[in-house]
Amino acid sequence: MGVVTAAAMLVRRRTPWPAVVSSAACACVTGQAVPMIIAVYSMTAEHRVRRWQYVALVLSAVYLAVDLRNPHTDRSIYLNAVRALTLVYLPAVVGTWAYAYRRLIKELRLGIREREEIAASEERRKIAREMHDTVTHAVTAMVLNAGMAREAAGPREIGELATAIEDKGVQALNELRQLLTVLRRDSGDLPDGTEAITRLVGEARESGLRVALRLDAPPGTLPRQVSHACYRLVQEGLNNVRKYAPDSHVLVSCEVSGDQVAVSVIDTPEAAGPGGRRVRAAPSLGGGYGLAGIRERVHLAQGRFCSGPTPEGGFALAALLPLRGPGG
């Protein structure tokens, strides 16, 4: 009986019934209750029996009967009942605690892994936004200036356009270097801000766009994330104008009102006068990542973003950003 019970213990984690039945029989035949203690603990620790309370009570009753017939123990039924509950039913309860603890640890590990995957995905999206905004703006301006150089009237104009291409390339390299610095050190300032919106407008005017600027956001008054979102929205709006509406009139606005800042880029094709110099459109490679990236930036800054056609036939990008976060 002892050999059969020991063999049944080997499969107690797959199925508890051989260990439960053999341990009860072993207790009745030999008077040994230790296998019964192991069997009831494994029964609940592996969560193999749904109504384990009844099984534990039956085994406690078996232990009580064996203990009463044992000539080497006292004849007090109360003490025998306490021993039965302590040595049989209590290990079953402890097994349920062990099962709940292991399940909790497993859920916590799964939760940590999911949070790590979500954090990694957010970092990839953040890097993709920065790379798109930096590279797309620079390359669009460089390609546009290169096309204008091919149609230039003289060496002087070609030299000016070549200088503009070189400056834009250097600027793109500087922004990429700042981005890599942030990724390596997990610190550093985000490139540019509202004070650089004037530079973006100036570059757009040099490339032939008709751009009006309305800027009422003194440098240093906006949080870093908000100012960076404003800068990127203006950058994306001017890039879209270069690609799809180079002959339109553009209004860039960035104004602080109370505890909010409103930024927008609106183009109006009807405002272009007849007989003017036609601006060469920059090539578009498609993708559609620009507006999605701007929308994510604005939402991360707890703001509201909208884009779409205007009644005048143009297109508008606009965002309303709070100067303070939810806890500010």
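Where is the place of L173? Select L173 and colour the helix around that residue: L173 sits in helix α6, residues 155–185. Helices here are DSSP runs of H or I with at least four residues, strands are runs of E with at least two, and both are numbered from the N terminus. The model is predicted, so local features need pLDDT of at least 70 and side-chain atom pairs count only at pLDDT 80 or more, whereas totals for chains, interfaces and linings use all residues. Residues are numbered from 1 along each chain as its sequence is written, and side-chain values use heavy atoms, with hydrogens and water left out.

L173 is exposed, at a relative accessible area of 52%. Exposed stands for over 50% relative accessible area, buried for under 20%, and partly exposed for the range in between, with a 1.4 Å probe and protein chains only.

**The whole chain**

Switch to a cartoon view of the protein chain, which contains nine helices and five strands. Along the sequence the pattern reads α-α-α-α-α-α-α-β-α-β-β-α-β-β. Of the 328 residues in the protein chain, 39% are buried.

**The sheet**

Next, select the five strands. They form an open sheet in the order β1-β2-β3-β5-β4, with mixed pairing; two strands count as paired if DSSP finds at least two bridges between them. β1 (210–216) and β4 (304–309) are the edge strands, each with a single partner, so one side of each has no neighbour in the sheet. From one strand to the next, the twist averages 5°. Angles are taken between N-to-C directions and run from 0 to 180 degrees, with axes fitted as lines to C-alpha atoms, for helices over the stretch in contact.

Zoom in on β1 and β2 (residues 249–257), which run parallel and are joined by seven bridges. Within this pair, R210 stands opposite H249 of β2. Now show the helices that accompany these strands. Helix α7 (residues 197–206) lies across β1 and β2, at about 170° to β1. Helix α8 (residues 224–244) packs on the sheet and touches β1, β2, β3 (260–268), β4 and β5 (315–322), its direction making about 5° with that of β3. A contact means heavy atoms within 4.5 Å.

**Helix α7**

Stay with α7 and display its side chains. Which residues of α7 are buried? They are I197, L200, V201, E203 and A204. Viewed down the axis of α7, these buried residues fall within an arc of 160°, so they line one face of the helix; the arc is that of the directions from the helix axis to the C-beta atoms.

R199 and E203 form a salt bridge, at 3.3 Å from N to O. The term requires a side-chain nitrogen of Lys or Arg within 4 Å of a carboxyl oxygen of Asp or Glu. Because R199 and E203 are four residues apart in α7, about one helical turn separates them. E203 is buried, at 18% relative accessible area, whereas R199 is partly exposed at 30%. After α7 comes G208, whose phi is positive, near 110°.

How many salt bridges does the structure hold? There are two. To see the one between E46 and R102, select both side chains; their closest N and O atoms are 3.9 Å apart.

Then select W52 and Y89. Their ring centres are 5.9 Å apart and their planes meet at 40°, so the pair is tilted. Rings of Phe, Tyr and Trp (its six-membered ring) pair if their centres lie within 6.5 Å; planes under 30 degrees apart are stacked, over 60 edge-to-face, and the rest tilted. W52 belongs to α4 and Y89 to α5, so the pair ties together parts 37 residues apart in sequence. W52 is buried at 12% relative accessibility, and Y89 is partly exposed at 22%.

Finally, select Q302, in the loop between α9 (289–300) and β4. Its phi is near 65°, a positive value in a residue other than glycine. Most residues other than glycine have a negative phi. Q302 is partly exposed, with a relative accessible area of 48%.
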